[in-house]
Amino acid sequence: MSTDIILSQDAWQDVEPGTEALVEDWLVKVGDSVKAGQPVASVVVVKSSHEVLAPADGVIEAILVPAEGTFKPGQSLGTLA
């Protein structure tokens, strides 16, 4: 079963509805092993940079939003196996 990689809801506080964020860069690639809490991507939400953390130990299974791609609150950026 896959685990979704999602930006913390805290990063979306005080952001207007409908706002999208930008994936600046992925710090890992498909097949990399990660530990829970490890930064896996750098994103920007309304001129504020944030790190997306691995939600669990696992292996990066897929990157669903590429670098320079945009996403909405709650959207999965990738998955862990």
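Q: Charges first. How far apart are the mean positions of the positive and negative charges of the chain?
A: They are 3 Å apart. The chain has 4 positive and 12 negative charges. Keep in mind that this is a predicted model.

Q: Okay. How many helices and strands are there in the chain?
A: Zero helices and eight strands. Read from the N terminus, the elements go β-β-β-β-β-β-β-β.

Q: What about overall size? What radius of gyration does the chain have?
A: It has 12 Å. A compact globule of 81 residues would have a value near 12 Å, so the two agree. The C-alpha atoms fill a box of roughly 35 × 20 × 20 Å along the principal axes.

Q: And what share of the residues is buried?
A: Of the 81 residues, 35% count as buried. The accessible surface of the chain is about 4,700 Å². Carbon and sulfur atoms account for 51% of that surface.

Q: What about contacts between residues at least 6 apart in sequence: what share join residues at least 24 apart?
A: That share is 56%.

Q: New topic. Where does S76 lie?
A: In the loop between strand 7 (70-71) and strand 8 (78-80).

Q: Is S76 buried or exposed?
A: Buried. S76 has 15% relative accessibility, and the cut-off for buried is under 20%.

Q: Which side chain does the side chain of S76 make a polar contact with?
A: The side chain of D4, at 3.2 Å. A polar atom of the S76 side chain also lies 2.9 Å from the backbone oxygen of G78.

Q: Which residues does S76 touch, leaving out those up to four places away in sequence?
A: D4 again, plus I5, I6, L64 and V65.

Q: Let's move on to the loop between strand 4 and strand 5. What is the phi of V46?
A: About 45°, a positive value, although V46 is not a glycine. V46 lies in that loop, between strand 4 (39-45) and strand 5 (48-53).

Q: Why point that out?
A: Because most residues other than glycine have a negative phi.

Q: What about the phi of K47?
A: Positive as well, at about 65°, and K47 is not a glycine. K47 also has its place in the loop between strand 4 and strand 5.

Q: Are V46 and K47 buried or exposed?
A: V46 counts as exposed, at 53% relative accessibility. K47 counts as exposed too, at 85%. The cut-off for exposed is over 50%.

Key:
Residues numbered from 1 in each chain as written. Predicted model: local features only at pLDDT ≥ 70, side-chain atom pairs only at ≥ 80, totals over all residues. Heavy atoms only, no water. Helix = DSSP H or I, 4+ residues; strand = E, 2+ residues; numbered from the N terminus. Rg over C-alpha atoms; globule rule 2.2 N^0.38 Å. Buried < 20%, exposed > 50% of the residue type's maximum accessible area, 1.4 Å probe, protein only. Contact = heavy atoms within 4.5 Å. Areas by Shrake-Rupley, 256 points an atom, 1.4 Å probe, with all protein chains shown as cover. Lys, Arg positive; Asp, Glu negative; His and termini not counted. Charge placed at Lys NZ, Arg CZ, Asp CG, Glu CD. Polar contact = N/O pair within 3.5 Å; in protein donor to acceptor, adjacent residues only side chain to side chain.
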